[in-house]
Amino acid sequence: MQALYAQLLVGLINGSFYALLSLGLAVIFGMLNIINFAHGALYMMGAFVAYFLLNIGGINYWWALLLAPIIVGIFGMILERTMLQWLTGLDHLYGLLLTFGIALIVQGVFQNYFGSSGMPYAIPDQLKGGMNLGFMFLPIYRGWVVIFSLIVCVATWFLIEKTRLGAYLRAATENPTLVRAFGVNVPRMITLTYGLGVGLAALAGVLSAPINQVRPLMGADLIIVVFAVVVIGGMGSIMGSIITGFALGVIEGMTKYFYPEASNTVVFVLMVLVLLVKPTGLTGRAA
Amino acid sequence: MTALTDDTLPVTPRAIRDEMIVFVVMALLLASVPFTGVYPFFVMQALCFALLACAFNLLIGYGGLLSFGHAMFLGTAGYCSAHALKVWALPPELGILVGVAGAFVLSLITGYISIRRQGIYFSMITLALSQLLYFIYLQAPFTHGEDGIQGIPQGRMFGLFDLTKPTVLYYVVLVGFLAGFLLIFRIINSPFGEVLKAIRENEPRAISLGYRTDQYKFLAFVLSGTLAGFAGALKVFVAQNASLTDVHWSMSGEVVLMTLVGGLGTVFGPVVGAFVIIAMQQYLAGFGQWVTVIQGSIFVICVLTFRRGVIGEIAHYFRRSL
């Protein structure tokens with residue numbers, strides 16, 4: 001049973017990353033109509049920024065948790081201003097191709113300087129050690145990742161669904177021209193939205209740095225799994241992305257325990273099954 | 001929304017004659033390669049990728065469907081052919097047939113699944129399916145995992161042509177490429193191809209005209225996947241191995257890049273794009289990961305400033321369809 005709980009925890013952690021990343025993808029897709037292929041590369045950048053902050057600037061994990069998403073978010077906003085904004089009005093597929101190119105560039109540059117091997121990032125002192133819960137041993141850092149991700153996800157949901165800013169955002173998603181007519185600066189909102197989505201990816205990167213090592217290709221395979229998560233959940237609803245992300249992480253973790261050979265493929269197999277039964281995705285509307 | 005290949009002109013009889021002339025020139029140029037001292041291995045490799053890119057282009061350029069998983073057909077056909085040649089010791093022609101059959105079956109299955117969604121979702125689904133297949137091949141015993149299938153015997157085609165001789169192999173690959181190219185050319189100029197273009201331009205209208213668009217897209221997917229498999233089967237004879245790199249997502253990305261550079265929805269663009277990208281890899285092989293960075297930069301530049309691609313720009317300048 002110990003092993004089962006351990007895998008459940010691993011599943012919840014992976015689920016946190018799926019949720020944070022697919023949430024960002026959904027937010028970006030809503031405003032920009034772009035599937036951000038660079039999301040995995042930007043997640044990797046988040047982890048690297050945390051690594052640089054610690055090893056060059058001596059800035060600790062807690063500040064990195066705040067600074068890395070801001071730094072990578074600004075990088076993302078620069079990308080949006082200089083490149084993505086020119087795709088307005090073109091077929092969605094060009095956005096996919098452009099961001100795929102950006103992902104290749106970013107990953108290639110990091111691979112040149114850091115090879116393909118991983119670099120360790122120490123768990124902060126306050127979160128070291130573990131707790132005995134009676135039925136299992138819980139490493140504190142891992143528990144922290146799950147709880148903190150959950151809080152960030154719910155906060156993002158609250159921001160978009162319950163605040164005035166979120167209302168503008170949702171309105172601009174439906175009809176940008178009309179929202180502009182009301183005096184809202186929609187292009188600036190689009191830039192900020194991209195920054196927000198990218199920041200969420202970078203945050204996931206910082207959270208994962210102490211668990212998975214900091215590697216240039218850490219986001220490359222992850223983004224494909226997240227795409228499958230997005231296909232399963234659909235991008236219509238924020239809460240849908242969060243729940244699907246966590247649920248698939250847990251299912252993947254369970255698979256690792258019961259049938260480890262299929263743990264790499266289970267998310268993709270589930271995607272196939274969902275497509276056969278309900279082609280629009282679990283929460284999605286027809287695209 | 002602007003369609004992917006907004007600027008391409010409609011195909012007139014006149015344009016088809018132009019295209020036939022260009023085709024003959026291309027065929028003659030390629031046929032003279034063994035007499036020029038150009039490294040034949042490089043050209044053979046480029047021809048395999050050119051056919052793969054043409055097959056991919058059939059789907060995106062004429063059906064409007066961007067598959068981000070075309071490497072799965074290349075790799076699957078490669079594994080099937082390699083297994084048939086090495087383990088079953090079949091002659092080359094049957095080895096190719098086994099590979100193409102493998103890609104055909106795979107395209108039936110993946111087409112049935114992925115055609116249910118359009119646009120961006122279709123791309124994500126094909127990418128995810130190819131990643132699923134990658135993990136299956138990583139674990140399946142017959143692919144030999146990370147090592148791949150190596151040292152594949154080339155044998156005698158129809159008992160006549162000794163494929164171990166580079167020149168003979170070159171002409172066999174060339175004939176295979178030209179046959180595949182002509183088949184694609186025939187498809188896009190057929191009534192079926194016209195319906196496909198209509199779907200790309202405006203699917204609801206095609207539906208209202210009474211076309212079952214899903215069936216057309218499915219057939220296009222199967223044709224494209226099977227032809228991509230043919231390219232993969234030919235590649236086995238050139239490279240003499242079948243490995244996981246052929247199934248990896250980065251390979252799918254390269255196919256997209258080749259077609260984009262040459263020109264989406266142009267007849268000859270994928271061929272030009274394949275030669276450009278393969279040549280680039282050849283000459284920049286010493287630069288390590290910078291090749292990835294350069295490829296990414298080409299993606300960015302093409303999408304931002306050069307969406308018609310090389311052939312698309314030429315065709316646009318001369319107001320012809322090529």
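I began with α5(A) and α8(A), which are roughly antiparallel to each other because their angle is over 145 degrees. I looked up the values: helix α5 (residues 140-162) of chain A and α8(A) pack at an angle of about 170°, with axes 11 Å apart. Axes are lines fitted to C-alpha atoms, for helices over the stretch in contact, and angles run from 0 to 180 degrees between N-to-C directions. Helices are DSSP runs (H or I, at least four residues), numbered from the N terminus.

For the contact (C-beta atoms, placed from the backbone, within 7 Å), I noted A:Val145, A:Phe148, A:Ser149, A:Val152 and A:Thr156 of α5(A), facing A:Leu200, A:Leu203 and A:Leu207 of α8(A).

This is a predicted model, in which local features need pLDDT of at least 70 and side-chain atom pairs count only at pLDDT 80 or more, while totals for chains, interfaces and linings use all residues. Residues are numbered from 1 along each chain as its sequence is written, and chains are lettered from A and ligands numbered from 1 in the order in which they are written.

Next I turned to helix α1 (residues 2-32) of chain A, which packs with helix α8 (residues 186-208) of chain A at an angle of about 170°, their axes 9 Å apart. Among the residues making this contact I listed A:Phe17 and A:Leu32 of α1(A), and A:Ile190 and A:Ser208 of α8(A).

Last, I checked the two chains and found 38 residues of chain A in contact with 39 residues of chain B. On the side of chain A that touches chain B, α4(A) gives the most, with 16 residues.

Technical notes
Helices (H or I, at least four residues) and strands (E, at least two) are DSSP runs, numbered from the N terminus. Angles under 35 degrees count as roughly parallel, over 145 as roughly antiparallel, 65 to 115 as roughly perpendicular and the rest as oblique.
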